[in-house]
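User: I have this one open in the viewer and would like to talk through the fold with you. Could you start with the main sheet?

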Amino acid sequence: MRKTTVTTDISEAATQLLEGGIIGFPTETVYGLAGIIDSETAISTIFRVKGRPSDNPLIVHIAHPSQLDDVAAEVPELAWQLSSALWPGPLTMLLKKRSSIPDAITAGRETVAVRMPAHPAALALLSAIGQPVAAPSANPFGCISPSQAQHVLKYFDGKIPLILDGGPCQVGIESTIVGFDGPNIIIYRHGSVTAAQIAAVTDARCIYKQSGPKVVAPGMFPRHYAPVTPLLFSNNIQELAQLHSGKKIGLLHYGEHFSSNDIVASYSLSSSDSMEEAAANLYSALHKLDNYGLDLILVKEFPMEGIGIALNDKLKRASYQQ
Ligand code: TXA
Ligand code: MG
């Protein structure tokens with residue numbers, strides 16, 4: 001394939017999509033690798049280029065809540081409540097799918113994952129093409145997610161025709177994924193929308209569906225978001241640094257900071273102790289540290305509250321050692 005174009009031109013991106021091409025596009029969470037849902041070629045190319053197992057379904061992105069009825073056969077009242085309170089935004093809902101949604105997108109499941117992203121360029125693109133796009137995050141399977149157009153280019157240069165550049169992602173970590181079970185809302189993946197935010201706009205009870213290390217359910221792979229450099233994640237990184245003295249260490253810090261001879265690179269995730277700012281910076285910092293030729297990356301655990309729950313979940317998966 002010829003060189004990948006990086007552009008801010010929405011109509012060029014729309015043309016590529018409508019011709020059945022797949023493109024990198026910005027959302028407020030992370031960049032996605034998008035194709036229109038009724039192009040079999042586009043969907044199979046997404047799986048091939050990403051190296052994604054075909055049993056791991058894709059999220060369908062829509063421009064407006066009114067498109068929910070086009071993709072979902074049933075939309076429970078709780079889903080309408082969440083969509084009007086939290087969309088556009090980093091919340092994905094699992095709903096009974098319409099038969100028109102190709103099985104390749106949902107990996108043969110009865111449910112389809114749907115999200116209306118908040119990034120203005122994503123919304124403009126979706127409105128311009130007038131139909132939903134399926135998109136996983138734009139990273140090879142298991143690798144660090146992309147929060148800038150340059151990350152997508154590094155992964156897929158020459159493999160996709162175009163990347164729509166919408167600047168750095170403002171939220172920085174993936175959407176929260178929820179499903180519905182009668183009066184309950186099941187959280188399948190922690191993201192930047194918290195259980196407290198969901199509880200504040202519905203009367204539902206929120207339940208987190210845990211997966212053990214052996215139970216590999218979609219969205220819950222034990223190893224994910226991982227840099228090539230080994231990453232260790234703990235509440236006491238100073239102790240870890242001592243334990244690994246003599247190694248070339250990179251540090252991602254939030255709040256607590258320290259230096260030692262072994263620490264050759266160090267990034268602050270937030271200058272103001274804001275976990276939201278830390279989330280927006282996390283993947284960029286991991287991409288940078290992963291290019292340093294380090295022996296080890298150390299990251300301190302976040303407080304288990306608010307978006308810290310999702311951040312710790314991502315870091316746990318990034319540090320998983322098989
Ligand atoms: O923030 C996000 O959600 C980003 C942006 C691009 O929208 N997308 C994203 O997609 O993170 P991806 O494919 O990297 O993660 C989506 C997760 C996968 O783990 C997949 O297994 C799960 O959603 N998923 C998709 N459809 C599903 C379904 N029908 N049932 C259960 N899980 C599903
Ligand atoms: Mg992903």
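Analyst: This is a predicted model, and in it 11 strands form an open sheet with mixed pairing, in the order β1-β8-β2-β3-β7-β4-β6-β5-β9-β10-β11. The edge strands are β1 (5-7) and β11 (205-208), each of which pairs on one side only. On average, and ignoring direction, neighbouring strands of this sheet are turned by 35° against each other.

User: Which helix packs on the sheet and touches β1?

Analyst: That is helix α1 (residues 10-18), which also touches β2 (23-25), β3 (32-36), β7 (133-135) and β8, and whose direction makes about 135° with that of β8. As for β1 itself, it pairs with strand β8 (residues 162-164) in the parallel sense over 3 bridges, with V6 standing opposite I163 in β8.

User: OK, and β6, how many of its residues are buried?

Analyst: Strand β6 (residues 111-115) is mostly covered, since 4 of its 5 residues are buried. Strand β4 (residues 59-61) runs parallel to β6 and is joined to it by 3 bridges, where A113 is the bridge partner of I59. Strand β5 (residues 91-96) pairs with β6 in the antiparallel sense over 4 bridges, and here M93 stands opposite V114.

User: Changing topic: how is the protein divided into domains?

Analyst: There are two entries in the division, domain 1 (5-208) and domain 2 (231-318), with their C-alpha centres 28 Å apart. The contact between them takes 21 residues from domain 1 and 18 residues from domain 2.

User: What does the sheet with β12 look like?

Analyst: It is an open sheet of 4 strands with parallel pairing, in the order β12-β15-β13-β14. Its edge strands, each pairing on one side only, are β12 (231-234) and β14 (263-268), and neighbouring strands are turned by 20° against each other on average, direction ignored. Within this sheet, strand β13 (residues 249-253) and strand β15 (residues 296-300) pair in the parallel sense over 4 bridges, and L251 stands opposite L298 in β15.

User: Which helices lie across β12 and β15?

Analyst: Helix α10 lies across β12, β13, β14 and β15, running at about 170° to β13, while helix α11 (residues 308-318) lies across β12 and β15, at about 140° to β12.

User: Now the largest nonpolar core: which residues touch the most other members?

Analyst: Those are L91, M93, I198 and L282, out of the 73 residues in that core. Helix α10 (residues 275-290) gives the most to this core, with 8 residues.

User: And why does that core lie between the domains?

Analyst: Because domain 1 (5-208) and domain 2 (231-318) both give residues to this core, it lies between them.

User: What does I198 touch, leaving out residues up to four places away in sequence?

Analyst: On that count, I198 touches L82, L86, L91, V178, I185, I187, V193 and C206. Apart from this core lies another one, of 17 residues, with A13, A34, A63 and L126 among them.

How values were computed
Residues numbered from 1 in each chain as written. Chains lettered and ligands numbered in written order. Predicted model: local features only at pLDDT ≥ 70, side-chain atom pairs only at ≥ 80, totals over all residues. Heavy atoms only, no water. Pairing = 2+ DSSP bridges. Helix = DSSP H or I, 4+ residues; strand = E, 2+ residues; numbered from the N terminus. Axes fitted to C-alpha atoms, helices over the stretch in contact; angles between N-to-C directions. Contact = heavy atoms within 4.5 Å. Core = buried A, V, L, I, M, F, W, Y, C linked by side-chain atoms within 4.5 Å. Buried < 20%, exposed > 50% of the residue type's maximum accessible area, 1.4 Å probe, protein only. Domains from an automatic or database assignment.
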